There are 2 protein chains.
Amino acid sequence: MSSTVSPIRAQTRVVVRSLLARTALDLFAIKGYDETTVEEVAVAAGVSRRTLFNYFRSKEDLALSSLSEQGELIAARFGERPADEDLWTSLRMAFHVLDEIEISAEERLAMATVMFGNESLRAGHAEKQARWQDLIAPLIEARLPDSERRRLEARAIAAAAITCLQTAWEEWVRLRGQAELFELYDAAVLAVRDQG
Amino acid sequence: MSSTVSPIRAQTRVVVRSLLARTALDLFAIKGYDETTVEEVAVAAGVSRRTLFNYFRSKEDLALSSLSEQGELIAARFGERPADEDLWTSLRMAFHVLDEIEISAEERLAMATVMFGNESLRAGHAEKQARWQDLIAPLIEARLPDSERRRLEARAIAAAAITCLQTAWEEWVRLRGQAELFELYDAAVLAVRDQG
DNA sequence: GCACGAACATGCACTCTATGCAACTTCTTT
DNA sequence: AAAGAAGTTGCATAGAGTGCATGTTCGTGC
């Protein structure tokens, strides 16, 4: 069990990974996801097809790898919020880490368009976001009052918040980025939670 | 555009389709989704591999075809609810069509276990449910008061309700069916919508 | 009852994703 | 400089999915 993998190697691996993902994303944006083969991505990136599959478990992963990382960021940020803060406020603040990711609006729009434009990608996208739950729900649960159904409640809240973000995100894409993502998010949450 | 395809043919097609899906589901439950090839399903059903793909667009469809139909049932039921009824009540009632589907508890549990037990299936499942939105959201929108963001609000509400159902469903599987699905659903909705 | 055409079933060839394996190269460490 | 780990690659193979061409079945009009 050589637990240490040499920090240099680990780092280059991360860099290469992100380079490969970016190459893929560019191609997907140009040619479309289904119309782009893994082979083409490999050639464009200057590696072998086999190596690509060493870095990513699947073609889909190539397109969606960033989502997993985002989930971790969000969960981490949520964990840093004061425990007595209103839950939905904490969630909103946690989601705001997305604004801190350095990426141009066009790039973001292109990426989102790729993701929503393909059925299987949309599915993977939904699933990956759903897995954000697994990270966030336990943190929420710790904040909830005792209840027989605490686990369920925590998961429901996490899922609902993520869903609102997702809905806002879709609308944002539909509006071609001509709106503030978090303004849309707030409207979504309000619609869901407002009694009546 | 020969819109009429002979009612007999249409009907047999539906029957065969559901027979094939059932065969597949049985195999998936026994051997596991990834461990079962389309070839095996074809053999078990007594048709050719190619024919299977005439009835289903993909292996995933073979496992998830029922979900699309469920979405249509729910939307239809929602459309029948009185327009002045509380939105969330209407949604709850609409979801109740699921209880009317004739299927044993064990079968239902087996099916759910298959769906949640495999990553790509879970993704497809999430996506298919997300597409329920497209059916339900327009109906919700018609009920909402005028607002700049009506479309977004309707989609958010639909998505949140479906997500609560999904969360309840997952919990139900986790509890091995030892709970009332709609009791769990109510708890989920309450947790999300309760202020504070 | 029969013949026509549409829908259906199937086999075949082919593309693409994905994985295991073995050989080879390149780093890291001592 | 040598050992060993990590990384890269090609090759072989399985399985999903598609287009096409052929044969079969079945509903319909005569």
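This is a predicted model: local features need pLDDT of at least 70, side-chain atom pairs count only at pLDDT 80 or more; totals for chains, interfaces and linings use all residues.

Tutor: Start with a helix pair. Helices here are DSSP runs of H or I with at least four residues, and strands are E runs of at least two, numbered from the N terminus. Axes are lines fitted to C-alpha atoms, for helices over the stretch in contact, and angles run from 0 to 180 degrees between N-to-C directions. Helix α7 (residues 105-117) of chain A packs against helix α9 (residues 150-174) of chain A at about 110°, with axes 10 Å apart.

Student: How do I put the angle between α7(A) and α9(A) into words?

Tutor: Under 35 degrees is roughly parallel, over 145 roughly antiparallel, 65 to 115 roughly perpendicular, and the rest oblique. So α7(A) is roughly perpendicular to α9(A).

Student: Which residues make the contact?

Tutor: Contact means C-beta atoms, placed from the backbone, within 7 Å. From α7(A) come A:L109, A:A112, A:T113 and A:F116; from α9(A) come A:W169, A:E170 and A:V173. By class, 5 are nonpolar, 1 is polar and 1 is charged. Nonpolar covers Ala, Val, Leu, Ile, Met, Phe, Trp, Tyr, Cys and Pro; charged covers Asp, Glu, Lys and Arg; the others, Gly among them, are polar.

Student: Where does α8(A) kink?

Tutor: A bend is the angle between axes fitted to the seven residues ending at a residue and the seven starting there. In α8(A), a kink of about 35° lies at A:L135, shortly before the proline A:P138.

Student: Which residues come nearest to DNA strand D?

Tutor: Near means a C-beta atom, placed from the backbone, within 6 Å. Of the 22 residues around DNA strand D, the nearest are A:V47, A:S48, A:T51, B:S58 and B:K59. By class, that surface has 6 nonpolar, 7 polar and 9 charged residues.

Student: How many residues does each chain give to the contact between chains A and B?

Tutor: Chain B gives 24 and chain A gives 24. On the chain B side, α9(B) gives the most, with 11 residues. That side has 14 nonpolar, 3 polar and 7 charged residues.

Notes. Residues are numbered from 1 along each chain as its sequence is written. Chains are lettered from A and ligands numbered from 1 in the order in which they are written. Two residues are in contact if their C-beta atoms, placed from the backbone, lie within 7 Å.
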